[in-house]
Amino acid sequence: MNFWDYLGNRHQQLLTDAYQHASAVFQCMVVATVIGVLIGVVTYRSEWAGNLATTATSTILTIPSLAMIGLLIPVVGLGVAPTVTALTLYGLLPIVRNSIVGLRGVDPTLVDAAKGIGMSRLHRLVRVELPLAWPPILTGIRVSTQMLMGIAAIAAYASGPGLGNEIFRGIASLGSKNALNQVLAGTLGIIVLALLFDAAYVLIGRLTIPRGIRV
């Protein structure tokens, strides 16, 4: 059976796996974005706190993904829980780092002007600082998403959802007639999803970042 025949016979399962893969990455990115931006907001004013946040999230990223999921299985069990936990943790570093960099890069004169017209600290953060820091934050989200697309494939080790199941089935049956087709289908599916997500972020950037800031 050639690759195209395999896709035709397995298209329903592949679409289901692709949907679960994209859904897992999207949901984890939402959680990681909220947590990462909050960490950035809390720590960007202090040099040591910002360095601590960056170092801590960097350390998490150095843990091999297979080891991370293996360590989580005794704690949270198999399936979705270790997948969501691991992906959320791995997605933090680019978002935290870019949030800190973006917030520190806001022109202090603009913040002072907002303060001068009576804006509270919270209003300055929400209406001045975060909008101006949004471009680097969005870049961090894009980087995290691309990383998580690949890392999510490892979730199949813990009976997690996604296209990793197709890859692991192919690896487990190396030598069979469809082993290469399974690995190739899972790999190409992840690449396509990554490109689609990145295109969506480009569109979001064009819709949410004013032209002057983009330039």
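Here is a walk through the structure shown above, from its overall build down to single residues. The model is predicted, so to speak: local features need pLDDT of at least 70, side-chain atom pairs count only at pLDDT 80 or more, and totals for chains, interfaces and linings use all residues. Residues are numbered from 1 along each chain as its sequence is written, and side-chain values use heavy atoms, with hydrogens and water left out.

Let's start with the whole chain. You'll find 10 helices and 0 strands in it, where helices are DSSP runs of H or I with at least four residues, strands are E runs of at least two, and both are numbered from the N terminus. The C-alpha trace spans about 70 × 40 × 20 Å along its principal axes. Of the 215 residues, 42% are buried; that word means under 20% relative accessible area, while exposed means over 50% and partly exposed in between, using a 1.4 Å probe and protein chains only.

Now look inside. The largest nonpolar core has 39 residues. Such a core is a set of buried Ala, Val, Leu, Ile, Met, Phe, Trp, Tyr and Cys residues joined through side-chain atoms within 4.5 Å. Helices 1 (3-43), 3 (65-76), 4 (80-90), 5 (92-104), 7 (121-151) and 9 (179-208) each give two or more residues to this core, and helix 7 gives the most, with 8 residues. In soluble globular proteins, nonpolar side chains tend to be buried together.

Which residues have the most contacts inside the core? They are M29, L148 and M149. Take M29: leaving aside its neighbours within four places in sequence, M29 is in contact (heavy atoms within 4.5 Å) with I95, I141, S144, T145, L148 and Y201.

Helix 7 also holds T139. This residue is partly exposed, with a relative accessible area of 42%. Its C-alpha atom is separated by 13 Å from that of L92, which is 47 residues away along the chain.

Finally, head to F3 and W4, which form the chain's 1 aromatic pair. Rings of Phe, Tyr and Trp (its six-membered ring) pair if their centres lie within 6.5 Å; planes under 30 degrees apart count as stacked, over 60 as edge-to-face and the rest as tilted. Here the centres are 5.4 Å apart with 65° between the planes, so the pair is edge-to-face.
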